[in-house]
Every structure is written in structure tokens, then in C-alpha cells.
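Here's a quick briefing to read with the model open beside you. It goes through packing, domains and charge pairs in turn.

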Amino acid sequence: MNKAATAKECVAVVGIGQTKHVAARHDVSIAGLVREAARRALDDAQLTWADIDAVVIGKAPDFFEGVMMPELYLADALGAVGKPMLRVHTAGSVGGSTALVATNLVAARVHRTVLTLAFEKQSESNAMWGLSLPIPFQQPLLAGAGGFFAPHVRAYMRRTGAPDTVGSLVAYKDRRNALKNPYAHLHEKDITLEKVQASPMLWDPIRYSETCPSSDGACAMILTDRAGAARSPHPPAWVHGGAMRSEPTLFAGKDFVSPQAGKDCAADVYRQAGITDPRRQIDAVEMYVPFSWYEPMWLENLGFADEGEGWKLTEAGVTELDGDLPVNPSGGVLSTNPIGASGMIRFAEAALQVRGRAGDHQIDGARRALGHAYGGGAQFFSMWLVGADSPAA
Amino acid sequence: MREVAIVAFGQSDHVRDSAETSEVEMLMPVLHDVLAQTGLKARDIDFTCSGSSDYLAGRAFSFTMALDGVGAWPPISESHVEMDGAWALYEAWVKILTGEAETALVYAYGKSSPGDVREVLTRQLDPYYVAPLWPDSVALAALQARALIDAGLTDERELAGIAARSRTAAEANPHAQLRGPVPAGEHLVAPLRTGDCPPVGDGAAAVILAAGDTARRLTDRPAWIRGLDHRIEAHSLGVRDLTDSPSTRLAAQRAGAFERPLDTAELHAPFTSQEVVLRRALELDAPGSTVRINPSGGALAANPVMAAGLIRLGEAAARIQRGESDRALAHATSGPCLQQNLVAVLEGES
């Protein structure tokens, strides 16, 4: 590719807003939910609706709320009237993909300042059955995602010899981290490792406490160019690299434990960001872990550990809040899962870390953080790496 | 701004009912067609983006099946919009503008035949106040047509003329579903007659984009995207003037449509009355204008939902590639009564 053809504009995150994620926001409409997050992102950036040039919105399948292409109805609530509005849908990775589409609008100098937002209001419908509509002549999905992913977790355990205690360690860590995050859905103040280990087995080897909740929630970010970042009232997070990769759902030779698309996506992001040793150079990771075992699996897939070694980092406490590679300081998807927004929350939490604005779950001195999302049958990946310093500064 | 062009366009034959073919089977020949036109292999494409709707497919993540038709192995850089493929083209265009891609494959597909598309589209409406009333897409378009007639901006005779012109033009379009004039018919929802409404059908389309010299290498006469913009309006019909399309006008302004005369306009107007709204917004009836409107027959001849907008861009580009146009406007729409609109200005190299 001809890199000299254009010099990309630097992109900065200057505003972040989330709703308090809960099981059911009966007090607001879908429009009210997204507006709340957008309003908080604007307040964080000290900008107004008039400062926004375009809106990029993402969410998971429309059946989750029972509204077809809901962005049409949300145009007013998001101040998009008279502006461009794009709707991204790339399965579970969508929150990340949405942020990357918005990033490109600024990078390509099509727009100066863009509002990007992702949401899910799962209480409007039933996600499990939204995923399981019967289609003639097609193999039905198993009820919910856990049934699909449990065999791949089992394959990981068999391949690496990981002891079956590792999953509960991840869940125990993430649920404790969530106690420090006021926006997290689950605040289990009396959580213990024993309670996680004693929770019912849902999809062997995944226990109830090792799965994500169903949440109503939205996350919004304001992205802007170098000039916009210079006016930012708070430190911006700079986008150092971003990429998406996809591969088919099923094919002979597919590695469900460590999909090639995930490896390629990480390699692309690291190349853009000049990362050669992710374990040492990255200070915090927000990765998409809907089932506890995906932490060690992604640690390997993303190059933080050699193949077969990911679970050892988890077991040794490396990924704890005070470890040398904190993973999901926010509490992660295991504590908060408005599906379509979960990827964007990972991206936003990574940005909060390098902005130094993560509050009680702040990692001291975080300069570079990775946001990660995946979806479909472990086939769609989106990632970005954000830094406290502007690229090539 | 970086030069980007449409270098290939392909579409399926649009049919009333494609029950015997899946979305992937409908799409694959079209993808092979555009790749063959450029001599590119799937692995040569830097970025892939598609547009489709789960609500048409009746299942969540329906686009993941279509990915099998692309052959995403080794893994590809890929994205999807839950919008008409014209907006997938927009995302791909932006990707090329960043310099991260030289080529992009854009595709879209929709099968309306398995369900009742008029009913399905009611699910796009405000879920609390409007959708529970199930006002269907023809009824809403009829409200718009009535507003136009009441304002003295058109009449049923002019609408019938638009229908006849469109289907006559489609006689030269081998992919169209309605080729040749059809009777004006009875009122479906007054004042719209069956002839004023699009056929319900299934279809797919694909486009390849390329930057600068890559585009020149891939085709003799690239259709250069000189401007591309899209805008959305308020959702509630009650706060809009349905006889006007300010979002189309603004998008056209930003795309540079008014800077020099056009010779062709491919308008995504599923209903005859919507062409009247668009022609006014785009000033296509200005004195001395010689713009040829919808030489493909437009959405009145084939309206595969989610692909019909991308097809307008493809048809306009194909005319430029064939040397039949030097400067064309292509338009796509989404939402009830033209709520969201995209305008592209395409030019051939003189």
C-alpha cells in the first residue's frame, strides 16, 4: 500500500460517557438511554451538540430490542438531524468497530469532531432467543452464546493442560475490580472465590459466576483531531493504532481456541503503534472476556503470553489490578454486558486509563492501553491501542 | 483529498421470489463478476464492507453467512453496516481516504420475499409511539404523495408518467424485475396506485473501489467519486415537511452536485412521488437541464431493499465507464419518507 499517498490526521479521544449499567433501565426509553451517555461524553469534553460533525452508532442484532435499524428513530436524541449518521453492526465486536469507523472519519479529514456511541437495552427483549430464531433448512444456534463457546474453552484446557481452577480466578478478579467502577453492572460486595467456585455449572466448564450478565447500557466517546485535542479540558487519549479482522464462522482447519483473525488484528495494531513487546510496552488491557476462560485464551492470542502459557499469567496474579499486566481493571464484560456496547466500553476504558481518568480502578502511570473486542463465532475482531502521548510526538 | 473511483459494478437479476437460493448463493456470482471485471482476486482486496438487514433475513448476525461468499480466509479487514450498501460504500471510501487501503469490495443484498416487507419496515419506526400502530411503508409514502398533491407540486397524471418512463427505461436493463410499462392499476393506498409503487423482490449488488493509479490500472474509464455526503432528518413525520428533502439538498451541496451541470441522475425513489421530492431538492428540473433521470429504470423497476441504493451508485458508475455519462449524480435513501439520504457525484476523466 502506498502510505505516502495521504498523511492521516491524528485522532484523540476527548470525551467519554457511560450510563450506570443495570439489568433493566425501566426509567428511560432507548432514546433516553443513548442520550444520557452522549450527554456525559459531551460534558467530559466540554463540548455541545453543535460541535459534533457526525454520529457513528453501533449495536448488536436489532432483534435484541425489536427495533429495525433503530438509528433512524435515534437521530433526534443524538442531535444528528442535519448531520451524517452511520450505523455499524459487526456482531459482538461492534462496539470496537464502531469506534474505529468514527476514528477513520477524523483520520481521513472528512470530519473534525465525531460522536460515537454504542448501546444495548437488553431488557426490551430477550437476547438469548433473539439469537435463536428458527430458520428453515439451517442448523439452529444453541440457546445462547455459552453453549457455542464452552467446547472451545474445553479445547483450550485440553490443549494447554490448564488446571480447571483458572476460570474462577478470572471471574473473582473481574467482579472485585467492578466494585471500584461506579458504572459496572454487577457490584457483588460479598464476592469470594469460594462463591464463584460453588456457583452452578451452566455450560461445562463454565459456571454461572464465570459468565457475563445481561445489561442495559450505553457508552459514548467524542473523537477529534489535533486541533480539537489542543482545546480539550482534560488530557486526551491518542489513537496509536486500530484494526479489524474477520474470518468465516466455520471451516476446516479453523482454530477456535486462538483464531488467526485475532492474531492478525493484534499484529496490525502493534505494527501501527510500534509495539514489539506487548507484555512490556502495554500498561493495561481491556479485553472482551464474556466467559472467564477467555482471559487466558486471549492473553495468548494477543501475544501477551506464549501459546499454552496464558493461564499461568492469570494464575500468578499478573492480570490483577496490581499485577504487572492488569487485565480488565473496569471489571470487564464479566461484570457489565450491554452486548452492542461492550466492545466500545473496552475501547473507552482503555482510553480512560491513559487519560488518567479511570477513578478508583486507575492503573498508576498507564501510558499505553489496549482495547479489544470480538464477536460472532470468535471470527470478528476489532482492537485499538491508545496512548497518553500523541503519535510521533 | 485522495482520488477514489468505482472501477467495477455487478448485480444479480432481481426477482420476486428467490426461495430456492440462499443469500450467499445470490451474492456469490455477483462477487465473482466484479472481481473478474478487474482481474483482482479476493486476497487482493484491502478492505471489504457490506450492507444488509437482520430484519429482512429474519435472523440475527445474518451477514456472517454472507461472509462465506467472500471467502474470508486468510482473515480479511472487513466491516458491515446495518444500512443500505450505499453507506457501506461510504465507509469503504473513508477507509481508502485514510490511506489504509488501495482497493475495497462493497456488497449488499436483501431478500424481501420471505416476509411481508411492508409490515417488516414498520419495525423501523419509533418503537414506543408509532411502531405499535403498524403504519406500513406504502401508507407512509402515500401520506407524502398526498402532501405533494395538496401543495400543488404534482398530480396523479405526472406520477403515472414517472412510472411509465422508469419501466420503459428498464427495458434496456436485463437485471430489472419490471421491464416495460405496467398498468397504473388501482389505488394501493390513495393517492398511490400499484404502478406508483416498487416491485417487491430479492437481489444483490457489488462494487469495487480503487484509489488513484490503481483505479486507472484496473479499468479503462474509472468513475471518480468527486464528492460523497449523507445526511439524516428528524424521525417523526410530524415535524418534517414531507414535500421537501433538505437532507438530500445539503448532501448534494457538500458533494459538489450544484457546481457544474450533470448529465445523469440515478435516484433511489421507490415511489413515484419521492422522485418529485428529490428532483426538487436536487434542482434537476431547472430551466435548460438535460439530466437523464434513472436510465436504469430505478427502484420502480427493481427494489431489492438494502441493495437498491448501492445499485444507484453502481448504475451511475457503469454509465460513466461505458462512456455514456461524464458527470452523474447517484442518490440513496433510507428510512420512512426519505428520512436519510446520500448523494455521490461521479465523473469520468475527460
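A residue counts as buried when its relative accessible area is under 20%, and as exposed when that is over 50%, with partly exposed in between. Asp136(B), with a relative accessible area of 13%, is therefore buried. Keep in mind that this is a predicted model.

**Nonpolar cores**

- The largest nonpolar core has 130 residues, and the members that touch the most others are Leu78(A), Leu370(A) and Tyr107(B).
- Helix 1 of chain A, residues 30-45, gives this core its largest share, nine residues.

**An annotated stretch of chain A**

- An unreviewed UniProt entry puts the feature "domain: Thiolase C-terminal" at residues 248-379 of chain A.
- Over residues 248-379, chain A is 40% helix and 8% strand.
- The end C-alpha atoms of that stretch sit 6 Å apart.

**The two domains of chain B**

- Chain B splits into domain 1 (4-116 + 200-218) and domain 2 (117-196 + 226-347).
- Across the boundary, 39 residues of domain 1 of chain B are in contact with 37 residues of domain 2 of chain B.
- Together the two domains of chain B bury about 2,900 Å² between them, with 68% of it on carbon and sulfur atoms.
- On the domain 1 side of chain B, the residues losing the most area to domain 2 are His14(B), Trp87(B) and Asp116(B), which together make up 24% of what that side buries.
- How many salt bridges are there between domain 1 of chain B and domain 2 of chain B? The count is zero.

**Salt bridges**

- Over all chains, the structure holds 53 salt bridges.
- In chain A, the side chains of Glu36(A) and Arg40(A) form one at 3.7 Å, N to O.
- Glu36(A) and Arg40(A) are four residues apart in helix 1 of chain A, so about one helical turn separates them.
- Arg40(A) is partly exposed, at 33% relative accessibility.
- Lys121(A) and Glu124(A) also meet through their side chains in a salt bridge, at 2.9 Å, N to O.
- Over in chain B, the side chains of Asp136(B) and Arg118(B) meet in a salt bridge at 3.1 Å, N to O.
- Asp136(B) lies in the loop between helix 5 (117-120) and helix 6 (137-150) of chain B, and Arg118(B) is in helix 5, so this pair ties together parts that are 18 residues apart in sequence.
- Through shared partners, salt bridges join Glu3(B), Asp213(B), Arg216(B), Arg226(B), Arg260(B), Arg327(B), Glu347(B) and Glu349(B) into one network.

Key: Residues numbered from 1 in each chain as written. Chains lettered and ligands numbered in written order. Predicted model: local features only at pLDDT ≥ 70, side-chain atom pairs only at ≥ 80, totals over all residues. Heavy atoms only, no water. Core = buried A, V, L, I, M, F, W, Y, C linked by side-chain atoms within 4.5 Å. Buried < 20%, exposed > 50% of the residue type's maximum accessible area, 1.4 Å probe, protein only. Helix = DSSP H or I, 4+ residues; strand = E, 2+ residues; numbered from the N terminus. UniProt positions renumbered as here; feature names shortened; annotations may be inferred. Domains from an automatic or database assignment. Contact = heavy atoms within 4.5 Å. Buried area = accessible area lost by both parts, 1.4 Å probe. Salt bridge = Lys/Arg side-chain N within 4 Å of Asp/Glu carboxyl O.
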